[in-house]
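Subject: Structure for your review

Dear colleague,

Please find below the structure that I am handing over to you. My notes on it follow directly after.

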Amino acid sequence: MALPLLPGNSFNRNVGKEKFHKSQHWGFCNNVSMLVSEDKPGIGGELLLGQKMQPKYSVFPKGMGSDAPSWVAFDKQVLSFDAYLEDEVPDKRQENYRIRCYKIYFYLEDDTIQVNEPELKNSGMPQGTFIRRHRISLPPPDDDQFYTMHHFNINIDIVFYGRTFKIYDCDTFTKNFLKKIGVKVNPPGQCPEDPYMKMRRETLDCREPLRPYESFDTLKQFLEYDRKVLRFFCLWDDSASMFGDRRELILHYFLSDDTVEVKEVMLHNSGRDPMFLQRRKLPKYGPPGVYQPGQITDRTVLNMYGGLRVNRVDGYLLDKYMLGKVDEEFYKDSDLFIGATINVWGRKVLLCDCDEFTKKYYKTKYGIENFTSIPCEAPPPPKIERKFPPYTGFGSEEDSLRSCIGLVLKPYQRNFKKFMEKDSYGNISNTLRFFGKLFTHKCADLNRMFVISYFLSDDTISVFEPIERNSGITGGKFLKRIRVKKPGQEVFKSELSEYIKAEELYIGAKVNVNGYLFLLVNADEYTLNYMETNSDKFPMSSIELILEKLKEEESKSGEIRKVFIAADSKHRKMVDYNTFRDIILSLTVGKLTEHEVITLARHYQVPEDTRPDMNVLMAQAHEQLKKNTFENFERLIATCVYEDREKKKVLPSKDIKRLCKSSRLPLTDDLLGSILSGFKDSEEQINYESFFCALNWRMNPMPEFEAPSYLKEV
């Protein structure tokens, strides 16, 4: 009888105890350090309640192999066992139990076990992984231990979580491994047949047909050519029939089962069904006759007993001679090619073209190289010329024509896009201005000058005469802005009149404006630039065409050079325009017009120096600096010396400009940029001392100059 655990009635259990340390969590398993906190003892190394001492040494002798850990030595090595389980089926008449087959995998690297059930079609049960991979403990009372490889063999029962698995076989690797470790392998057994599966197999066997059966293997063709379709672009010309027309079709040939589908290329709101022929086999000689049901079949079965009621399987026989069989030929891929005419149930369809996959297929299988397409577009219908009544003289010709086009009168719409593109905006006037004079024999009109303006936005012309004092002629508007018809046209006619175009205007041309003949003698700078920019529309301003004409006079090149040298008396290698014009006109003898001579002279003219004078720029800068009393030049030079780390007395122009802006130098950006460009060297560097000394209006004054117009502020 034990004493009660009360003060004064118990003994000190630590009497004579010398170890009071706490056991560590780490240890060694298969020569690998790992966490062993589950098996650690209590304080001082004493076992806890219910804890068993693990053997320090193995019962098996140490082999001669390496000391590699198990997860390295047995990596990817698995023992495979075939087992079955008798699963009880309650409350079912057809079966009392069911045989379920399993695969048991034992992983040697970590002694884990996995149980899988092979999937059976239409089983109605969840199959696959039955027990996931992990270490499984032995059944009680040894549930503190785990299954090892020594617990497995053939023709034994093994229990996993209360379910008894009967192992009846294993693979060759498992047998050899068990023999190597000294396990005597039992002879393999047999898995019993599932009674329910046996009943189902017998039921299905009873449902098989009693007649002879001949299989047609089309699976290979389906697997090889599934989703592979030949596409042809076809034409069915039905224009010969009443209300018929030409129809464009697309033929699809399915290589998987040799069927054909035809679709029609539909126009918008055509009202037709796009499906021309549903997918089916297409007979070559359709439409066929009317046949009785069962007359067209793949096979013929003969009844040996005739009308006698004899239930015997051997009473039916296949007719291998195919007596009375209706032969039908269907279109194959070898019958389809570009240019072929096929019979689609009595309709002659022409194959005109095919896609790239179809071309590649025929090139690979049949070696066809020619895939010239046939145009399938219908010829354009004959254009019926529409006749209009002649112009009545009321209103404009366009307005009178609109009354003949429709019942609802609508005003004439001018080319709004052209008007928006060619209308004047900003500095772009889109107006060609020529100077002309009257071509007349009247002495009073010989010296009259006119400004002829052509507006590109609406092809209108206006004529203005400059007012000249004491000339005896009232100047001003000579012709308001209207479109001018070409001379010699009939007034009352059905066609629209032709008007003067911009391409017909050039220097030297004669223009008839409502009976007045004008000779164009000059043009403004904008007009000449516009015509040279659009030289494709204005051939008189095309330098390429002018040079082609001059190449015809190549034989006179020596003479031309001598004439120009003689005209250049000062040896400046340049002549004035009048001398140049006289020489060119005398040598070409009427091959060049006045406008072409001007274009040639403008192309080879001496370029004008548009750069402003530095003295003028500095004078204007000094004037601005004086007005704002700016004199901080010494400070600017000191700042530049501080920025000049290499002491070269030069800085980049952008740094000089930045310093001027930060110091609020009272100069405009254009003026400052022009002055900086005059002090730049080849490396975009500026000597800041010379630059700011030149700007110092008190130390280096400049005479006052009048600024040019392009530098004056508006």
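Arg-246 has a relative accessibility of 29% and therefore counts as partly exposed. Please bear in mind that this is a predicted model. The side chain of Arg-246 forms a salt bridge with that of Asp-237, at 3.6 Å from N to O. Asp-237 is likewise partly exposed, its relative accessible area being 42%.

Strand β9 (residues 229-237) and strand β10 (residues 246-254) run antiparallel and are joined by nine bridges. Within this pairing, Val-229 has Phe-254 of β10 as its bridge partner. β9 also pairs with strand β16 (residues 347-354), again in the antiparallel sense, over four bridges. There, Phe-232 stands opposite Cys-354 of β16.

Leaving aside residues up to four places away in sequence, Ile-104 touches, among others, Leu-79, Phe-81, Ile-113, Val-115, Phe-152, Ile-158, Phe-160, Phe-165 and Ile-167. As a general point, nonpolar side chains in soluble globular proteins tend to be buried together.

As to charged pairs, a search of the whole structure finds 43 salt bridges. Two further examples and one network may interest you.

- Glu-356 and Lys-359 meet through their side chains in a salt bridge of 3.9 Å, N to O. The two are three residues apart in helix α5 (residues 356-365), and so are separated by about one helical turn. Glu-356 counts as exposed, at 60% relative accessibility.
- Lys-493 forms a salt bridge with Glu-397, with the closest N and O atoms 4.0 Å apart. Because Lys-493 lies in the loop between β20 (476-482) and β21 (510-513) and Glu-397 in helix α6 (residues 397-402), the pair ties together parts that are 96 residues apart in sequence. Lys-493 counts as buried, at 13% relative accessibility, and Glu-397 counts as buried at 6%.
- Asp-245, Arg-247, Glu-264 and Arg-272 are linked in a network of salt bridges.

With kind regards

Key
Residues are numbered from 1 along each chain as its sequence is written. This is a predicted model: local features need pLDDT of at least 70, side-chain atom pairs count only at pLDDT 80 or more; totals for chains, interfaces and linings use all residues. Side-chain values use heavy atoms; hydrogens and water are left out. Two strands pair if DSSP finds at least two bridges between them. Contact means heavy atoms within 4.5 Å. Buried means under 20% relative accessible area, exposed over 50%, partly exposed in between (1.4 Å probe, protein chains only).
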